[in-house]
Amino acid sequence: MKWFWTGWLLCLITAGLFGYMAVIEVPAISAMLGGMALPDAMPLGYDEQGARALYEAFAADFTAAQAEGRRSASAAYLAMHARSDLLLPPLLAASLAFCAFASIYTGRRQAETSRLVSIGLGLVLAAAFVYLICDFIENAVADAMYGPTAMKAGFNDQLAFALKVLTIGKYSILAVAFGLIAALWIARWKRGRGIVPDVSQDG
């Protein structure tokens with residue numbers, strides 16, 4: 001299909017933005033925190049003790065930044081969520097959806113899809129949507145915990161638990177989505193080689 005190049009371009013932009021965040025933005029903020037990882041980079045999240053230690057690192061840097069007249073790690077973290085990490089979730093969700101749709105096309109026509117392939121496609125779309133919502137909520141909770149305002153309010157252990165659940169949920173959903181997409185492309189490859197026959201949808 002002629003429009004395929006736009007989808008692959010979308011995937012490339014998404015990968016580029018992710019790379020920029022992973023290589024430039026996140027390490028710069030972590031450096032201000034003594035090398036501590038941000039919640040976004042912890043697939044299993046922080047437990048309460050780890051979340052408290054991270055909060056203390058944010059608070060210490062916040063105090064030092066005020067004395068030195070520079071931007072704090074807390075402000076930089078909030079800014080990242082308002083810019084690059086505001087764009088990444090919808091781009092990634094759209095890329096997941098495209099990769100799933102692309103798997104059911106063969107050459108210039110849409111391949112006949114089996115019921116299992118159709119179910120897999122629907123599950124990827126659902127996972128992409130749930131991931132999008134989960135990531136936005138996770139960012140909001142992280143801002144409430146580690147943003148500049150939170151530096152004066154103190155550590156919130158209830159938010160720490162919620163953030164851990166959201167982080168684990170986000171990465172779990174992404175793992176499922178990537179696994180389903182891989183299965184869809186394997187199924188397409190097998191159809192192309194005649195290893196498994198296409199089973200048309202009923203009706």
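Colleague: Which residue forms a salt bridge with arginine 52?
Modeller: Glutamate 48 does, with the closest N and O atoms 3.5 Å apart. Keep in mind that this is a predicted model. Both residues lie in helix H2, four residues apart, which is about one turn of the helix.

Colleague: And arginine 52, how does it count by relative accessibility?
Modeller: Arginine 52 counts as partly exposed, at 37%. Glutamate 48 is partly exposed too, with a relative accessible area of 42%.

Colleague: How many salt bridges does the count come to?
Modeller: Four. One of them pairs lysine 170 with glutamate 138, at 2.9 Å from N to O. Lysine 170 lies in helix H7 and glutamate 138 in helix H5, so this pair ties together parts that are 32 residues apart in sequence.

Colleague: Is lysine 170 buried or exposed?
Modeller: Buried, with a relative accessible area of 5%. Glutamate 138 is buried as well, at 2%.

Colleague: OK, new topic: at what angle do the axes of H4 and H5 cross?
Modeller: Roughly 175°, and the axes come within 9 Å. That makes H4 roughly antiparallel to H5, because angles over 145 degrees count that way. Leu92 and Leu96 of H4 are among the residues making the contact, and H5 brings others, including Leu125 and Tyr131. By class, the contact has 16 nonpolar, one polar and two charged residues.

Colleague: What about the largest nonpolar core, how many residues has it?
Modeller: It has 29 residues, and Ile29 and Phe58 are among those with the most contacts inside it. H2 gives the largest share, six residues.

How values were computed
Residues are numbered from 1 along each chain as its sequence is written. This is a predicted model: local features need pLDDT of at least 70, side-chain atom pairs count only at pLDDT 80 or more; totals for chains, interfaces and linings use all residues. Side-chain values use heavy atoms; hydrogens and water are left out. Axes are lines fitted to C-alpha atoms, for helices over the stretch in contact, and angles run from 0 to 180 degrees between N-to-C directions. Helices (H or I, at least four residues) and strands (E, at least two) are DSSP runs, numbered from the N terminus. Angles under 35 degrees count as roughly parallel, over 145 as roughly antiparallel, 65 to 115 as roughly perpendicular and the rest as oblique. Contact means heavy atoms within 4.5 Å. Ala, Val, Leu, Ile, Met, Phe, Trp, Tyr, Cys and Pro count as nonpolar, Asp, Glu, Lys and Arg as charged, and the others, Gly among them, as polar. A nonpolar core is a set of buried Ala, Val, Leu, Ile, Met, Phe, Trp, Tyr and Cys residues joined through side-chain atoms within 4.5 Å. Buried means under 20% relative accessible area, exposed over 50%, partly exposed in between (1.4 Å probe, protein chains only). A salt bridge is a side-chain nitrogen of Lys or Arg within 4 Å of a carboxyl oxygen of Asp or Glu.
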